[in-house]
Amino acid sequence: MSDITADILTLSFDSPSSPSIELKLPEQLQTSHPLGWGIAFYPNDHQAAVVKKDPAARGMEVQMDALSDWANFRSTVYFCKAQGAARGYTHHETQPFSRSFAGQDWIFLHNGDLDKPKLRQLHKDKSRFLEPLGKTDSELAFCYLLGKVMETEARKLADVPNETLLGWFEQLDPLGSADISISDGTTTAVFCGTQSVKKLYYTRLTPPDPQRVFNSESALLYIGDPRDTYHTSLIVTSCKFDAGSWLSMQPGQLLIIRRGAIIWNSKPSVQQPTPFARAGTSQTPETFARQQAMQTQAFTTHQSIVNIRSITRSQDGSPLVYRMFDISHLTEYEYSEPVEHSTHTFRLQPVEDPTQEVVNAVVTVSTEGEEIRYEDEFGNQSIHYSLNAPYKKLSIECKSRVKVFASPPDDHSLSQRQSSIPLVWMPWARQMMTPYLLPEELPETELRELTDYAMSFVERNGYHLMETLRDMNLSIYRDYKYVSGSTSLNTTPFEVYTNRHGVCQDFANLLICMARLLSIPARYRMGYIYTGMNYENKIQSDASHAWVEIYLPYVGWRGFDPTNGCMVNQDHIRVACGRNYRDATPTSGTIFKGGGTEKLAVRVKIKEVTA
């Protein structure tokens, strides 16, 4: 008879962390068999796992002796089983189990009973490398899953299609209670069987989360190491902890977890927020992607469409037209005393390029002065304006009409287009990109923390360039709160990271800093976003918007909007860019004499023009 009273605990962190796990084993046993424990993890995230366990423990003394210094254990994955041995079980029959496969250690947890004769029939692989060491049905299930991985010629869980992995667990499910966790050190898969002996619960903790202590009848979990203050964690457990917000896993549900985040959920309990939830856009990303894909298919190898504006129809013949917007940007300054002399820079004219056309643009200034039009170092159409006549009020208004054209998707499979991190640069290319590769000057300790945070996305996505960038972009949208007025122009990316709130420029600055720490060129983009007159999102259309542009070799600059968790699309109107906000701010200036107290008001209106 196996350990049906056991509790299992699976932890995944975005960066190596040191939780403290205290298993509560009774001094006086109420059953006829001893109650053991086991813990597995990957020290410093190396490929070799460490497993510590005792099949016949009494109380906490043995565990405390074996795990006396949790602070020295740093790992992104932890497996734990409490009260997990049965009569006759030895050390090599106690969970968690560990096996070396494809150049790395894999670890495994199972709660409940499986029909062992039927499991032997299912596990047909006769390889000596996949023979169980002990006699448990759990280890046999472990060998079965590794055998299926080997059949697909995969070397890690990420190589196995999600639906295929789910199918393997569904083959085990009819054999009994199949609550199972398996990990290759990077990816963790947790399956909740339809005949579970105990419910499984899961939660995701994102900083700043004050809840760091979780207590249950079988375990005390403490996630409070000062080094882990800003780490994100995902916990799956059968323990009924007394604190936190938990979701119950559904029978037959599979969670695929990597670096503190759910990568795939076979049965989402709640609908995931759409990437455009904050922007209130009128076109879904799925629709836009389909249209782009159809464009690409319509023009194949024997045509080279240089001007994107000439692509006007999708493959099925339906029109694929531009969108046109009327934009009004009004900035008003009011001073308590007359300003006698000042100079200003205006960057208000939208970009003119293959995907954006400026039909007209007019800038009006309320006070006459000397005007110099020029293109600045970053390619922005700018105006230098000098005022020598006294004034107490100054208004600058730009009215423009802009067309935004749909563009086909980038084909990242082409040989010269790099798809993995780190990027390789030619020396002159790196020199040209230097302004966009240097992160903001912050204390080294803060940059190290932000580097670890950025690398957690890289490792979560298997060093894939675009998947990493999309994950960072979407995670900022999901994990950070948009709070108007909560920050200032002096707020640093590290402060945004620790506080987990801000506005669009803060989220842009954080993503820029993370990309640059990964040696990926990133720049700040100022512009506007059309929110469809949605009142909840009106705050974003009442002022200029900010997002990030990433330079991809042999592709070009591509926009990522972390405030809305989306790629830049036809709802975004581009205006100015630069290394940071100061290079791209719509209006700036210096007062040389007079002025006193200043009041500033900005009003932006965007209206879509339909034929």
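These legends go with a set of close-up views of one predicted model.

View 1. Residues are numbered from 1 along each chain as its sequence is written, and side-chain values use heavy atoms, with hydrogens and water left out.

**View 2. An open sheet of 7 strands.** Follow the strands in the order S4-S3-S5-S1-S13-S10-S14, with antiparallel pairing. At the edges sit S4 (50–54) and S14 (247–248), each pairing on one side only. Helices (H or I, at least four residues) and strands (E, at least two) are DSSP runs, numbered from the N terminus, and two strands pair if DSSP finds at least two bridges between them. Zoom in on S3 (residues 37–41) and S5 (residues 75–82): they run antiparallel and are joined by 5 bridges. Here phenylalanine 41 stands opposite tyrosine 78 in S5.

View 3. S17 runs antiparallel to S20, with 5 bridges joining them, and phenylalanine 346 stands opposite isoleucine 383 in S20. S19 (residues 370–375) is also antiparallel to S20, through 6 bridges; glutamate 370 has serine 386 in S20 as its bridge partner. S19 and S20 make a hairpin with 5 residues between them, and glycine 379 in the turn has a positive phi of about 85°.

**View 4. Valine 365 and its contacts.** You'll find valine 365 in strand S18 (residues 356–365). Leaving aside neighbours within four places in sequence, valine 365 touches Phe346, Tyr385, Leu394, Ser395 and Ile396. Valine 365 and tyrosine 385 are 20 residues apart in sequence and 9.3 Å apart in space, C-alpha to C-alpha.

**View 5. The second largest pocket.** Its volume is about 790 Å³. The search uses a 1 Å grid over the protein atoms alone: a cavity is a set of points where a 1.4 Å probe fits but cannot get out, and a pocket is an open set with protein on both sides within 12 Å along at least five of seven lines; lining residues have an atom within 4 Å of a point. Grid points are joined across faces, edges and corners, and a volume is the space filled by probe spheres set on the points. Of the 30 lining residues, Leu489, Gln505, Ala543, Ser544 and Tyr581 lie nearest the centre. S17 gives the most to this lining, with 3 residues. The lining splits into 14 nonpolar, 14 polar and 2 charged residues; Ala, Val, Leu, Ile, Met, Phe, Trp, Tyr, Cys and Pro count as nonpolar, Asp, Glu, Lys and Arg as charged, and the others, Gly among them, as polar.

**View 6. The second largest cavity.** This cavity has a volume of about 40 Å³. Its lining includes Asp14, Arg204 and Tyr453, and divides into 2 nonpolar, 3 polar and 5 charged residues. H7 gives the most, with 4 residues.

Conventions: This is a predicted model: local features need pLDDT of at least 70, side-chain atom pairs count only at pLDDT 80 or more; totals for chains, interfaces and linings use all residues. Contact means heavy atoms within 4.5 Å.
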